[in-house]
Amino acid sequence: MSVLIDIILAILAIYLAFQSLLAKRLTQTVFIFFAFGLALALAWVRLGAIDVAITEAAIAAGFMGVLFLDALRDFSPRTSNNQEKTEAAKDIFSKKNTKSLLLPRVALVLGLVLFLLISLEAIWNIPDGGGLTVSVETMLPESGVEHPVTAVLLNFRAYDTWLEIGVILLGLLAIFATGGIKLYLKPDVPAQDILLRQVILFFTPILFLFGAFLLYIGKSGPGGAFQAGVLWAAIGILLHLGGKPVFSMIPRWLGQLLLTLGLGFFLLLGFILMAGGATLFEYPPAYAGVLILIVETLAAISIAAALTAIFANLNQMQEKPNDIESTT
Amino acid sequence: MMIKEVITVILLVVGCFFFLAGTLGVLRFPDLFSRLHALTKADNLGLGFIAAAMALHIGSPWAALKIFSIWFFTLLASSTSCYLIARFQKEKDQPTDRKEVE
């Protein structure tokens, strides 16, 4: 029975992935992509990787969904103010397409074949005895946490996690570089709807509490900084949508501090540990639990701030042409 | 024990029926408002039945509380988004409405 569910889930995930690529309209693509994210999250649950499942659901179906919907609004004929231009652009694009369609197709097929070979090779060479599980289990008492995934992420492979936080910040910097940075100073637009405002106010403390819970539970079960960060980012995005853009309401230095807090403290801690004679991110076992909790909390704050800022900047970038249109 | 399982299965089947009805409504109904109605009402009810079945299946009051809070938050979020989508559609149909008020 459970094998049947797994097979259905695998077929569903692949089917949805293809459908989201092949869908005719952008709206369909976006919504099938949501469904794909949820199917993938379910697949992770079936594989016993609850941490990955929560992150997948929160980021792929939640945060990316918000970004895609936002982009979709930009593409919809109602808001695009120069439709003839886009029509012309589309024509050029499609002409280009017919000419050079062969190369992408060949690349796609080659990529698929390569991917298939690599996955087959990986399945073939799954090590007996569960890979690194044994060595993680033996080192677990020294890591300061009880959950093996958190132990790997925040202690054994802390360097990777540090880089991941950096990647999110780097993405934000790229968005800043493409013109988002000065748009922080957008005048407050109050949410026109009293119901929306009330619901957002109602959900804000609950989301905060749930994020804090996920952060703390990461010590002994599925959860942790990334999941908590996404939930806290949801607060920022909701407040932004409800007419309270957080980043234009707090002072600029505070925003920058929140953005760099996680990465900065993580690195500082690593350097202090190195100065004490250990290697980078080698926590003393006595303090490991506390240090991991502090690092995770600050990382979650930074991730939340970065994701909120990514949304806020992308959201404001597309409002720029509309403003220009209204002034002319 | 046996009765509990039977009730769980019945609740699950009823929940699935409402989900099916809601999906059918989304696929078959002609306009956005009736589709929204089918989706939010039927799905919320279906989720409620499934939540009840799961709570009964697990059988601990703490888990039941968690499951029903999930249902409650989903109820709140889906009815709000239903309202917002419906309002958006209404404004699209009658664009003068809001501007006259302002």
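The second largest pocket has a volume of about 710 Å³. A pocket is an open set of points on a 1 Å grid over the protein atoms alone, where a 1.4 Å probe fits and protein lies on both sides within 12 Å along at least five of seven lines. A cavity is a set of points where the probe fits but cannot get out. Lining residues have an atom within 4 Å of a point. Grid points are joined across faces, edges and corners, and the volume is the space filled by probe spheres set on the points. 

Of the 13 residues that line this second largest pocket, the closest to its centre are A:Ile14, A:Ala17, A:Phe18, A:Leu21 and A:Leu112. Two elements of chain A give two or more residues each to the lining: helix H1 (2-22) and helix H5 (102-124). Helix H5 of chain A gives the most, with seven residues. By class, the lining has eleven nonpolar, one polar and one charged residues. Here Ala, Val, Leu, Ile, Met, Phe, Trp, Tyr, Cys and Pro count as nonpolar, Asp, Glu, Lys and Arg as charged, and the others, Gly among them, as polar.

A word on the source. This is a predicted model, where local features need pLDDT of at least 70, side-chain atom pairs count only at pLDDT 80 or more, and totals for chains, interfaces and linings use all residues. Residues are numbered from 1 along each chain as its sequence is written, chains are lettered from A and ligands numbered from 1 in the order in which they are written, and side-chain values use heavy atoms, with hydrogens and water left out.

Now the chains. Chain A has 14 helices and zero strands. Helices (H or I, at least four residues) and strands (E, at least two) are DSSP runs, numbered from the N terminus. Chain B has four helices and zero strands. From its N terminus, chain B reads α-α-α-α.

Burial comes next. Of the 328 residues of chain A, 34% count as buried (under 20% relative accessible area; exposed is over 50%, partly exposed in between, with a 1.4 Å probe and protein chains only). In chain B, buried residues make up 24% of the 102 residues. Chain A exposes about 19900 Å², and carbon and sulfur atoms supply 74% of it. The accessible surface of chain B comes to about 7100 Å², with 75% belonging to carbon and sulfur atoms. These areas come from the Shrake-Rupley method with a 1.4 Å probe; for residues, only the protein chains shown count as cover.

Contacts (heavy atoms within 4.5 Å) also say how each chain folds back on itself. Among contacts in chain A between residues at least 6 apart in sequence, 72% join residues at least 24 apart. In chain B, 64% of such contacts join residues at least 24 apart.

Turn to the aromatic rings. There are 13 aromatic pairs over all chains. Rings of Phe, Tyr and Trp (its six-membered ring) pair if their centres lie within 6.5 Å; planes under 30 degrees apart count as stacked, over 60 as edge-to-face and the rest as tilted. A:Phe33 and A:Phe68 form an edge-to-face pair, 5.3 Å centre to centre, with 90 degrees between the planes. A:Phe33 lies in helix H2 (residues 26-46) of chain A and A:Phe68 in helix H3 (residues 50-75), so the pair ties together parts that are 35 residues apart in sequence. A:Phe33 counts as partly exposed at 24% relative accessibility. A:Phe68 is partly exposed too, at 30%.

B:Phe68 and B:Trp71 form another edge-to-face pair, 6.0 Å centre to centre, with 80 degrees between the planes. Both lie in helix H3 (residues 61-93) of chain B, three residues apart, about one turn of the helix. B:Phe68 is partly exposed at 33% relative accessibility. B:Trp71 is partly exposed at 25%. Elsewhere, A:Phe202, A:Phe203, B:Phe72 and B:Phe73 form one aromatic cluster.

Helix H3 of chain B also holds B:Ala86. At 18% relative accessibility, B:Ala86 counts as buried. Leaving aside its neighbours within four places in sequence, B:Ala86 is in contact with B:Phe33 and B:Leu36.

A:Leu241 is found in helix H10 (residues 225-241). A:Leu241 counts as partly exposed, at 49% relative accessibility. A:Leu241 and A:Arg197 are 44 residues apart in sequence and 9.3 Å apart in space, C-alpha to C-alpha. A:Ser248 lies in helix H11 (residues 246-249). A:Ser248 is partly exposed, with a relative accessible area of 24%. A:Ser248 and A:Ala312 are 64 residues apart in sequence and 9.7 Å apart in space, C-alpha to C-alpha.
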